[in-house]
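Student: I would like to learn how to read strands, cores and chain contacts. Please take me through them.

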Amino acid sequence: MTPHAQRAAAYVADTARMHWHDKALWHVRQKRDAAVASVPEWEALRTQAAALKAHTLSRLAEYLEEFERNATKLGVVVHWAVDAEEHNAVVLGILKERGLVRLVKSKSMLTEECHLNGFLEKHGVDVIDTDLGERIVQLAQETPSHIVLPAIHKKKEEIGELFHEHLHTESGASDPKYLTEAARGHLRERFLAADVGLTGVNFAIAETGGFVVCTNEGNADLGASLPRVHIAAMGVEKLIPRAEDLAVFVRLLARSATGQPVTSYTSHFHGPRPGGELHLVIVDNGRSALLASATHRRALACIRCGACMNTCPVFRRSGGHSYGATVPGPIGSVLAPSGDGRRYAGLPFASSLCGSCTDVCPVKIDLHHQLLLWRQELGAEGLTPLGKRLAARVGSFVLQRPRLYRLVGWLARAAMRLLPRALLYLPLNAWGRQRELPPAPARSFRAQFRKALK
Amino acid sequence: MSSREHILSALRRAAAPALPRPPPLAEWQTFEEPVAHFARMLAEVGGTCVRVISEDALSDSVAALEVVAKAQKVASLVPEAHPGNVQLAGVEDPHQLASVEVAVLRGAFAVAENGAVWVPGAALGARRALLFVCQHLVLVVDPVDVVPTLHEAYARLRFDGPGFGCFVAGPSKTADIEQALVIGAHGARSATVFLVG
């Protein structure tokens with residue numbers, strides 16, 4: 001089994017929990033469908049977004065230079081980081097130079113990818129995640145299991161216990177409203193005490209030098225507006241050419257993510273606030289390598305809405321942590337092998353290739369094709385599990401020889417009828433691990449077809 | 001080589017041959033009654049839309065809001081809606097605004113398709129935190145400034161200098177605990193938009 005399959009097996013062992021998780025995410029998918037149905041030009045928006053991203057990615061260096069020029073004019077201090085280590089060092093450098101030690105952070109998958117929290121804590125910085133879901137997983141010393149719904153894997157009773165321990169809420173209390181109110185009070189103090197706010201970036205605009213951050217809670221906005229210093233971290237792929245392009249992407253983002261027509265707050269930052277400082281860290285960390293791949297560069301168009309996770313039958317049942325990657329789900333399984341093919345070789349198999357992810361992707365990434373391509377590429381490099389490679393080789397040999405194929409078919413039908421159960425359901429039969437084999441047909445499809453023709 | 005040069009040259013080497021910028025979208029949805037649609041969408045995102053006929057009616061309606069009537073501290077940048085009792089002029093440190101219960105601000109325009117109001121930061125300056133730190137938010141918009149979609153909205157916006165602006169769609173909210181919608185996560189616990197005229 002691949003590492004994903006092993007972790008997924010542990011997750012699905014709790015059947016009730018698996019169904020609960022599945023249902024919660026399917027509910028989000030249904031909300032997304034309703035929101036999409038209210039926009040007649042949805043498909044045109046997707047096509048436009050995909051074309052805009054493809055165009056931007058084909059001229060990314062130029063657009064980044066334009067963005068840097070305009071951002072600098074607005075008073076933004078632009079930093080560049082080749083990899084996660086440099087990103088972390090840049091952030092720590094900004095803090096150290098100014099003696100800042102209390103940092104409030106809003107959601108940023110990039111800082112998760114760079115493992116910024118642990119790094120800063122080691123250097124004596126007090127890091128508080130302020131998105132409610134992220135705060136929950138931070139208190140639980142876990143990582144987000146979903147990029148939009150970080151604590152979707154946790155039950156409210158578990159969150160109640162966690163808050164009882166850390167925020168001194170009443171023992172046994174699990175009402176979401178009560179728990180959210182407790183977190184609001186606790187985090188409000190942290191916002192007011194913070195001396196620096198760190199946010200991610202949803203979209204950066206080359207033409208204006210500004211950037212946009214979308215949240216429902218208002219946590220990014222408080223963190224970027226109360227402390228004097230605001231640091232924003234973005235991957236190079238967050239760029240869009242013009243402000244008018246925001247209409248296309250903002251219309252797609254929240255509807256795809258949660259089924260809302262728009263997030264509660266869509267903040268546009270153009271330069272620091274009067275009297276404040278704004279630092280922007282532009283990070284590569286493997287993105288240029290992904291861009292160099294003609295087959296996989298389309299994955300850089302991702303706007304991190306999470307729709308592919310909510311719809312994926314594997315994700316819904318196996319949970320985000322089973323992927324073992326910062327970004328889980330279909331898009332995560334496409335992105336991760338580009339960084340470390342050996343470590344994540346199993347992820348492209350965490351899919352039934354049903355194509356639902358591709359159908360819902362707002363920027364039309366051909367996710368299931370990408371997963372299939374990875375299986376082929378990683379297989380050719382000898383990185384996929386040996387069993388899968390052998391099975392593929394045997395399959396290929398048999399399928400290229402019609403006579404052998406017919407013989408094997410006949411043998412299989414006979415075996416299914418005649419062999420005892422103990423032999424049929426050997427560990428080698430992965431299909432039969434959780435399922436019954438279908439009854440063997442009396443004749444092959446070919447024979448039935450011939451008969452029907454007569 | 002600096003990291004900047006390193007990244008830019010790696011991206012130049014990696015990029016596909018330049019692809020053209022697509023022509024802008026030709027058409028998108030419109031609404032027969034944008035104002036009514038805005039009110040519906042604002043309700044859907046947890047806010048409340050109130051239509052008043054005049055500025056006199058506006059100040060009466062704002063004063064009559066339960067959250068305003070109960071509030072000790074109201075910060076207003078729209079004197080015709082509410083006089084306010086928190087001094088905003090001269091506030092350089094946004095932390096001084098932490099105890100504001102109601103903020104009354106002007107929205108430049110509203111968007112029918114999603115219930116959002118564009119709140120420009122120009123009038124707020126260093127005090128933009130007010131928009132997020134207040135317990136309740138009151139926004140005042142002219143109904144002629146309700147545009148159908150974000151396409152018209154961005155066509156109205158000019159980002160030609162330092163500044164801040166935010167689309168605010170209803171109150172702050174979260175569904176991070178078991179997908180249960182809770183209003184009032186970190187920002188405003190309620191958002192009321194007054195359309196005047």
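This is a predicted model: local features need pLDDT of at least 70, side-chain atom pairs count only at pLDDT 80 or more; totals for chains, interfaces and linings use all residues.

Tutor: Residues are numbered from 1 along each chain as its sequence is written, and chains are lettered from A and ligands numbered from 1 in the order in which they are written.

Student: How do strands of a sheet pair?

Tutor: Strands pair through backbone hydrogen bonds, either parallel or antiparallel. Here strands (E, at least two residues) and helices (H or I, at least four) are DSSP runs, numbered from the N terminus, and two strands pair if DSSP finds at least two bridges between them. In chain A, an open sheet of six strands with parallel pairing has the order β1-β10-β7-β4-β2-β3. Its edges are β1 (77-81) and β3 (126-129) of chain A; each has a single partner strand, so one side of each is left without a neighbour in the sheet.

Student: Which residue stands opposite A:V104?

Tutor: A:G197 in β4(A) does. Strand β2 (residues 102-105) and strand β4 (residues 196-199), both of chain A, run parallel and are joined by three bridges.

Student: Which strands make up the open sheet of eight strands?

Tutor: The order is β8(A)-β5(A)-β6(A)-β9(A)-β8(B)-β5(B)-β4(B)-β7(B), with mixed pairing. Strand β9 (residues 265-270) of chain A pairs with strand β8 (residues 163-168) of chain B in the antiparallel sense, over six bridges. There A:H268 stands opposite B:G165, and A:T266 opposite B:F167.

Student: How many residues has the largest nonpolar core?

Tutor: A nonpolar core is a set of buried Ala, Val, Leu, Ile, Met, Phe, Trp, Tyr and Cys residues joined through C-beta atoms within 7 Å. Buried means that 20 or more other C-beta atoms lie within 10 Å of a residue's own, with C-beta atoms placed from the backbone. The largest core has 179 residues, and B:A103 and B:L139 have the most contacts inside it. Helix α12 (residues 245-257) of chain A gives the largest share, nine residues.

Student: How many residues does each chain give to the contact?

Tutor: Two residues are in contact if their C-beta atoms, placed from the backbone, lie within 7 Å. Chain A gives 78 residues and chain B gives 68 residues. On the side of chain A that touches chain B, helix α3 (residues 42-58) of chain A gives the most, eight residues.

Terms used: A residue is buried if 20 or more other C-beta atoms lie within 10 Å of its own, exposed if 12 or fewer, and partly exposed in between; C-beta atoms are placed from the backbone.
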